[in-house]
Amino acid sequence: MQKKRIPVRMCSGCGEHFPKKELVRVVRSAQGELSVDLTGKKSGRGAYICPRVECLKKARKAKRLERALECQIPDEVYHRLEEEIGRSE
């Protein structure tokens, strides 16, 4: 019996690779709307960040999420990410 392959994604903050289910996904839809995707199934361009406040701060300071999603990210999205990360810690 074959082992099931686990999808791995890179954190935009620290650059480490983690299983996809352990990360928080930020999505830019085709209409340009930004949202936090906790299910990992919304359609659109996505960027991943691990659930640590330090990684979110690094990603925000270096504008890594903006580069990955190819658009400006408003403060509301960062606040929503902080809330989600705060719940998981």
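Helices (DSSP runs of H or I, at least four residues) and strands (runs of E, at least two residues) are numbered from the N terminus. The model is predicted, so local features need pLDDT of at least 70, side-chain atom pairs count only at pLDDT 80 or more, and totals for chains, interfaces and linings use all residues. Residues are numbered from 1 along each chain as its sequence is written, and side-chain values use heavy atoms, with hydrogens and water left out.

**View 1. The lining of the largest pocket includes residues from β3 and α3.** A pocket is found on a 1 Å grid over the protein atoms alone, as an open set of points where a 1.4 Å probe fits, with protein on both sides within 12 Å along at least five of seven lines; lining residues have an atom within 4 Å of a point. The largest pocket has a volume of about 380 Å³. Its lining has 19 residues, and those closest to the centre are Lys-20, Lys-21, Leu-38, Thr-39 and Gly-40. Grid points are joined across faces, edges and corners, and the volume is the space filled by probe spheres set on the points. Strand β3 and helix α3 each supply at least two lining residues, and α3 gives the most, with three.

**View 2. Arg-28 and Glu-70 form a salt bridge.** A salt bridge is a side-chain nitrogen of Lys or Arg within 4 Å of a carboxyl oxygen of Asp or Glu. By this rule there are six salt bridges. In the pair shown, N and O are 3.8 Å apart. Glu-70 is exposed, with a relative accessible area of 57%. Here buried means under 20% relative accessible area, exposed over 50%, and partly exposed in between (1.4 Å probe, protein chains only). Arg-28, Arg-45 and Glu-70 are linked in a network of salt bridges.

**View 3. Glu-84 forms salt bridges with Arg-80 and with Arg-87.** The closest N and O atoms of Arg-80 and Glu-84 are 3.4 Å apart. Both residues, Arg-80 and Glu-84, lie in helix α3, four residues apart, about one turn of the helix. For Glu-84 and Arg-87 the N to O distance is 3.1 Å, and these two lie three residues apart in α3, again about one turn. Glu-84 is buried, at 9% relative accessibility. Arg-80 is partly exposed at 35%, while Arg-87 is exposed at 61%.

**View 4. Cys-11 and Cys-55 each have Cys-50 as the residue with the closest cysteine sulfur.** A disulfide is a pair of cysteine sulfur atoms within 2.5 Å, and the structure holds zero of them. The sulfur of Cys-11 is 3.4 Å from that of Cys-50, too far for a bond. The sulfur of Cys-55 is 3.1 Å from that of Cys-50, also too far. Cys-11 is buried, at 1% relative accessibility, and Cys-55 is buried at 2%.

**View 5. Arg-60 lies over the face of Tyr-78.** A charge sits over a ring if NZ of Lys or CZ of Arg is within 6 Å of the ring centre and within 35 degrees of the ring normal. Arg-60 is at 4.3 Å from the ring centre of Tyr-78.
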